[in-house]
Amino acid sequence: MKVNNLTVIHGPNLNLLGKREPQYYGSASLEEINKLLSNEASNANVSIEFFQSNSESDIVSKIQELKSDFIIINPAAFTHSSVSIRDALSAMKIPFIEVHLSNVFARETFRKESFFSDLAVGVISGLGPEGYIAALNYAANVK
């Protein structure tokens with residue numbers, strides 16, 4: 001499968017990146033991460049779209065309307081609570097990688113549980129913005 005276009009979905013509170021708990025999430029803003037990804041996507045000749053919402057229903061609706069070949073999703077707090085986002089991803093059958101900026105396995109116990117990991121092509125955790133780049137590079141090179 002050749003990936004020509006992909007969508008990056010950022011979950012709740014990621015609009016606060018750069019200001020919110022930099023010890024976990026780093027100092028890069030969401031805009032900086034998206035710019036980095038845009039540059040990488042351009043180099044890989046892949047079309048990229050970004051979506052961020054603090055609303056579970058908006059994320060579900062976005063997933064349901066996607067025409068993308070691949071998704072990179074950081075469900076943020078919804079990782080541990082959203083059956084509806086899980087069901088949307090499952091129903092749409094678009095391959096995806098779950099990305100987390102922080103190492104969720106080095107944090108609170110509840111962060112170690114994901115409603116998405118068993119459906120994902122892969123999970124990247126703890127690499128900061130480089131995790132998104134790794135996911136994009138994987139998607140761009142899927143055979």
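Author: Val 83 is found in helix α4, residues 83-92; helices (H or I, at least four residues) and strands (E, at least two) are DSSP runs, numbered from the N terminus. The model is predicted: local features need pLDDT of at least 70, side-chain atom pairs count only at pLDDT 80 or more, and totals for chains, interfaces and linings use all residues. Residues are numbered from 1 along each chain as its sequence is written, and side-chain values use heavy atoms, with hydrogens and water left out.

Reader: Is Val 83 buried, partly exposed or exposed?

Author: Buried means under 20% relative accessible area, exposed over 50%, and partly exposed in between, with a 1.4 Å probe and protein chains only. Val 83 has 42% relative accessibility, so this residue counts as partly exposed.

Reader: Which residues does Val 83 touch?

Author: Contact means heavy atoms within 4.5 Å. Not counting residues up to four places away in sequence, Val 83 touches Glu 56 and Phe 115. Leu 101 is 18 residues from Val 83 in sequence, and 21 Å from Val 83 in space, C-alpha to C-alpha.

Reader: How do the strands form a sheet, and in what order?

Author: Strands of a sheet pair through backbone hydrogen bonds, either parallel or antiparallel. Two strands count as paired if DSSP finds at least two bridges between them. Here five strands form an open sheet, ordered β2-β1-β3-β4-β5, with parallel pairing. The edges are β2 (47-52) and β5 (122-125); each has a single partner strand, so one side of each is left without a neighbour in the sheet. From one strand to the next the twist averages 20°. Between β4 and β5 there are four bridges, and His 100 stands opposite Ser 125 in β5.

Reader: Which strands does α2 lie across?

Author: Axes are lines fitted to C-alpha atoms, for helices over the stretch in contact, and angles run from 0 to 180 degrees between N-to-C directions. Helix α2 lies across β1 and β2, and runs at about 165° to β2.

Reader: What is a nonpolar core, and which residues touch the most other members of the largest one?

Author: In soluble globular proteins, nonpolar side chains tend to be buried together. A nonpolar core is a set of buried Ala, Val, Leu, Ile, Met, Phe, Trp, Tyr and Cys residues joined through side-chain atoms within 4.5 Å. The largest one has 25 residues, of which Leu 6, Ile 72 and Tyr 132 touch the most other members. Two or more residues each come from β1 (5-10), α2 (30-43), β3 (70-74), β4 (96-100) and α5 (129-140). Helix α5 gives the largest share, six residues. Apart from this core lies another, of 15 residues, among them Ile 59 and Phe 96.

Reader: Where is Asn 74, and what does its side chain reach?

Author: Asn 74 is in strand β3 and, at 3% relative accessibility, counts as buried. A polar contact is a pair of N or O atoms within 3.5 Å; within protein, one must be able to donate a hydrogen and the other to accept it, and residues adjacent in sequence count only if both atoms are side-chain atoms. The side chain of Asn 74 reaches the backbone nitrogen of Ala 76 at 3.0 Å. Another polar contact, of 3.1 Å, joins the side chains of Asn 74 and Tyr 132.
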